Amino acid sequence: MEEAMLWEPLKNKKVQCYLCARRCIIDESQRGFCAVRENRRGKLYTLVFGKLTAVNVDPIEKKPFFHYYPGSKALSVATVGCNFRCDFCCNAALSQSTKIIGENYTPEQIVQLANEKGCKVIAYTYNEPTMQFEFAYKTGKLAHRYNIKNVFVTNGYMTEDAVKKISRILDAAVVDVKASLDPEFYLKHMGVPDVNPIYDCILQMKKQRIFLEITNLIVPQIGDDIERASQLTEWIVNELGADVPYHVLRFSPDYKLLQLPPTPVSTLERHIDTARRSGLRYVYIGNVWGHDNENTYCFNCGKLLIKRHGFFVEEINLVNNRCPACGFRINVVIE
C-alpha cells in the first residue's frame with residue numbers, strides 16, 4: 001500500500017483528494033468515488049499501486065494514437081477503478097470493480113518488460129489511468145531513463161495540479177470524450193455533473209506541452225448531435241490548433257446500453273465532414289476497419305502519408321516529419 005499523491009488533511013481525520021475534479025472529501029476508513037483511494041487514520045492511500053489487471057503489448061494505434069510513434073508497440077497496463085460511471089463502458093469489469101484485484105508489479109518490472117518486448121511506449125489505459133497515478137508517476141520516471149515514453153488514455157477529469165504533476169513524465173495523451181461533451185449525456189449516462197473540468201484539463205495539457213489527440217465517441221440516437229459536435233471541433237481548432245488529430249469513434253453496444261445499435265457509418269461520416277469544415281486537418285474514423293478515413297493524408301497536397309488497416313500501419317511515407325511530395329510539415333512524432 002502506497003500513500004497517495006494530491007490530497008490534504010482536514011479536521012476530524014477527514015481528507016480531501018484533488019486528483020480529479022470531483023475533489024472528494026473522504027471520511028476515515030472510507031474510499032473516494034473512484035473506490036481505489038482510501039482514508040486510513042487521516043491519511044490517503046492508493047489501494048492499486050502496482051496491482052495490475054492487464055499487462056499487454058498493443059499496437060499504439062489501438063489507443064488510438066495515430067500521430068504519436070505510429071507503427072510502434074505499446075506496453076499497456078491497467079488497474080481497477082474509475083471516476084466515471086459510464087453506462088456503455090467496454091471495460092466495466094475493470095473500471096467499475098470495487099474489489100481490489102490484480103497481480104503485483106514494480107515499476108522496475110514494467111520498464112524491464114517494455115524493454116524485453118521492444119516497446120518504446122508504456123500506455124496507462126483500459127481503465128482511467130489516473131487511478132494508478134502514483135504507479136504511473138514512479139514507473140514513468142524510470143521509463144524516461146531508458147528512453148521509453150509514457151502515454152495516458154484518459155477521460156480528462158484531472159485537476160490542474162494533477163496535470164502539472166504528471167506532466168513531468170507524461171509525453172502524450174488521448175483525451176477520450178463522449179457524445180461531443182454534451183453535459184446532459186455526461187450527467188445521465190456517465191454520472192459526471194460538470195464537463196467544464198475536461199476543457200480545463202485539455203488546456204492545461206496543452207500548456208504543459210503534452211502531445212494531444214482527441215477522440216469523440218458518437219453514440220447513436222442519444223449522443224450524436226451534429227451541432228454540438230461542431231461546437232466541440234471549433235473549440236479544438238480555436239484553443240488547441242487545427243493540427244490536433246481528431247478521431248470519430250463508432251459506438252458498439254455494451255454494459256448497460258445493449259439496446260442501442262452500433263453507430264451507422266453514415267453518421268460517423270457526417271461528423272467527419274463537420275470536423276473538417278471546422279478546420280481540423282487530421283480527422284479519423286474509429287472502429288470501422290478498412291475505411292479510407294483510417295489513413296493520414298497531407299493536408300496541403302493530399303498525398304497518402306500513413307496507410308492503416310484498423311490498428312495496424314501498413315506504410316509510412318514521411319521525411320523528417322514532412323510530406324515527401326510537397327514538404328508540408330505534419331504534426332506527428334516518429335519513433
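In this predicted model, the side chains of Glu-2 and Lys-138 meet in a salt bridge, with 2.4 Å from N to O. Glu-2 belongs to strand E1 (residues 2-3) and Lys-138 to helix H3 (residues 133-145), so the bridge ties together parts that are 136 residues apart in sequence. Lys-138 is partly exposed, with a relative accessible area of 38%. Side chains of opposite charge can pair when their charged atoms come close.

A search of the whole structure finds 12 salt bridges. One of them joins the side chains of Asp-58 and Lys-63, at 3.1 Å from N to O. Asp-58 has a relative accessible area of 7% and is buried. Lys-63 also counts as buried, at 7% relative accessibility. Both values fall under the 20% limit for burial.

Another bridge links the side chains of Asp-182 and Arg-228, with 3.7 Å from N to O. Asp-182 sits in the loop between strand E13 (172-178) and helix H5 (183-190), while Arg-228 lies in helix H7 (residues 226-239), so this pair ties together parts that are 46 residues apart in sequence. Asp-182 counts as buried, at 15% relative accessibility. Arg-228 counts as partly exposed, at 29%. Salt bridges can also share partners: Arg-31, Glu-38 and Arg-40 are joined into one network in this way.

Helix H6 spans residues 196-207 and has 12 residues. From its first C-alpha to its last, H6 reaches 17 Å. That is close to the 16 Å expected at 1.5 Å a residue. The buried residues of H6 are Pro-197, Ile-198, Tyr-199, Cys-201, Ile-202, Gln-204 and Met-205. Just after H6, Arg-209 takes a positive phi of about 65 degrees.

Aromatic rings were examined next. A pair of aromatic rings is described by the distance of the centres and the angle of the planes. A search of the whole structure finds 14 aromatic pairs. Tyr-124 and Phe-152 form one of these, and it is edge-to-face. Their centres are 5.7 Å apart, with 70 degrees between the planes. Tyr-124 lies in strand E11 (residues 121-124) and Phe-152 in strand E12, so the pair ties together parts that are 28 residues apart in sequence. Both Tyr-124 and Phe-152 are buried.

Trp-289 and Phe-312 form an edge-to-face pair as well, at 6.0 Å centre to centre and 75 degrees between the planes. Trp-289 is in the loop between strand E16 (283-286) and strand E17 (296-297). Phe-312 is in strand E19 (residues 312-316). The pair thus links distant parts of the chain, 23 residues apart. Trp-289 counts as partly exposed, at 44% relative accessibility. Phe-312 is partly exposed too, with a relative accessible area of 48%.

Rings also gather in a cluster. Phe-65, Tyr-68, Tyr-69 and Phe-211 form one aromatic cluster. A charge can face a ring as well: the charged end of Arg-22 sits over the ring of Phe-33, 3.7 Å from its centre.

Val-36 lies in the loop between strand E4 (25-26) and strand E5 (37-40). At 0% relative accessibility, Val-36 counts as buried. Beyond its neighbours within four places in sequence, Val-36 is in contact with Tyr-45, Thr-46, Leu-47, Val-48, Val-80, Gly-81, Ile-100 and Met-131. The C-alpha atoms of Val-36 and Asn-83 are separated by 9.6 Å, although these residues are 47 apart along the chain.

Buried residues make up 55% of the 335 residues. Among contacts between residues at least 6 apart in sequence, 66% join residues at least 24 apart.

Note on methods
Residues numbered from 1 in each chain as written. Predicted model: local features only at pLDDT ≥ 70, side-chain atom pairs only at ≥ 80, totals over all residues. Heavy atoms only, no water. Salt bridge = Lys/Arg side-chain N within 4 Å of Asp/Glu carboxyl O. Helix = DSSP H or I, 4+ residues; strand = E, 2+ residues; numbered from the N terminus. Buried < 20%, exposed > 50% of the residue type's maximum accessible area, 1.4 Å probe, protein only. Expected span 1.5 Å × (residues − 1). Phe/Tyr/Trp six-rings, centres within 6.5 Å; stacked < 30°, edge-to-face > 60°. Lys NZ or Arg CZ within 6 Å of the ring centre and 35° of its normal. Contact = heavy atoms within 4.5 Å.
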